[in-house]
Amino acid sequence: MPAARPHPLLRATGRALAVVLVASAAVAAGIGWLYLLRDVGGLNAGPRIKAALPLQRLAGGSAQPLGRLVVAWLPAGLAAGIGAGAVSQLGRPGRAAATALVGLVVLLALGALADAVTASEPIGDHLRSQPHRVAIWVAAGLMAAGAALAPAIGRGAGSHASWARR
């Protein structure tokens, strides 16, 4: 007797959750890279973007040059796009949109949390100011661009092992 296949809605929900987890992990990676790169002098190219590192607000180092943001967030988006393609059936536009949306939501929430921590205030007091932060939109846009550049592998490419043939 063949094994019962999960309901299509359950499969789609699982794939959507997997994409959210992949994109959220990519946001964490992008933040980590940006913190690691904050003292690299060779990446001082471009204008300084305010609040790129919200937890550095009190130390005076929250603004970062655009070059650092590109080096941190574009590869994070690329990884998210590859991961989203491996766990879903999304094409390039879908992977880019999902990565941008998840990245934006996670960065808005984390920005509010960071501001609340550094100001010792409730998080709700800081939610409204987050959409006005250019750094959040730049990061989400760079992640979307990286995801759009990502090659299709895994499920999105038609088979589980297609990455091994490329």
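Colleague: Which residues of the largest nonpolar core touch the most other members?

Modeller: In this predicted model, they are Leu34, Leu69, Trp73, Leu107 and Met143, out of 22 residues in that core. Helices H1 (8-37), H2, H3 and H5 (134-149) each supply at least two residues of the core, and H5 gives the most, with seven.

Colleague: What does methionine 143 touch, leaving out residues up to four places away in sequence?

Modeller: Its contacts are Ala23, Ala26, Val27, Trp73, Ala76, Gly77, Ala80, Thr99 and Gly103.

Colleague: Which residues make the contact of H2 with H3?

Modeller: H2 contributes Trp73, Gly77, Ala80, Gly81, Ala84 and Gly85, while H3 contributes Arg95, Thr99 and Leu107. By type, these residues divide into four nonpolar, four polar and one charged; Gly is counted among the polar ones.

Colleague: Why does alanine 112 count as buried?

Modeller: Its relative accessibility is 0%, and buried means under 20%, so alanine 112 qualifies. This residue is in helix H3.

Colleague: Which residues is alanine 112 in contact with, neighbours within four places aside?

Modeller: Those are Ile123, His126, Leu127 and Gln130. Alanine 112 and isoleucine 123 are eleven residues apart along the chain, with their C-alpha atoms separated by 5.9 Å.

Note on methods
Residues numbered from 1 in each chain as written. Predicted model: local features only at pLDDT ≥ 70, side-chain atom pairs only at ≥ 80, totals over all residues. Heavy atoms only, no water. Contact = heavy atoms within 4.5 Å. Helix = DSSP H or I, 4+ residues; strand = E, 2+ residues; numbered from the N terminus. Core = buried A, V, L, I, M, F, W, Y, C linked by side-chain atoms within 4.5 Å. Buried < 20%, exposed > 50% of the residue type's maximum accessible area, 1.4 Å probe, protein only.
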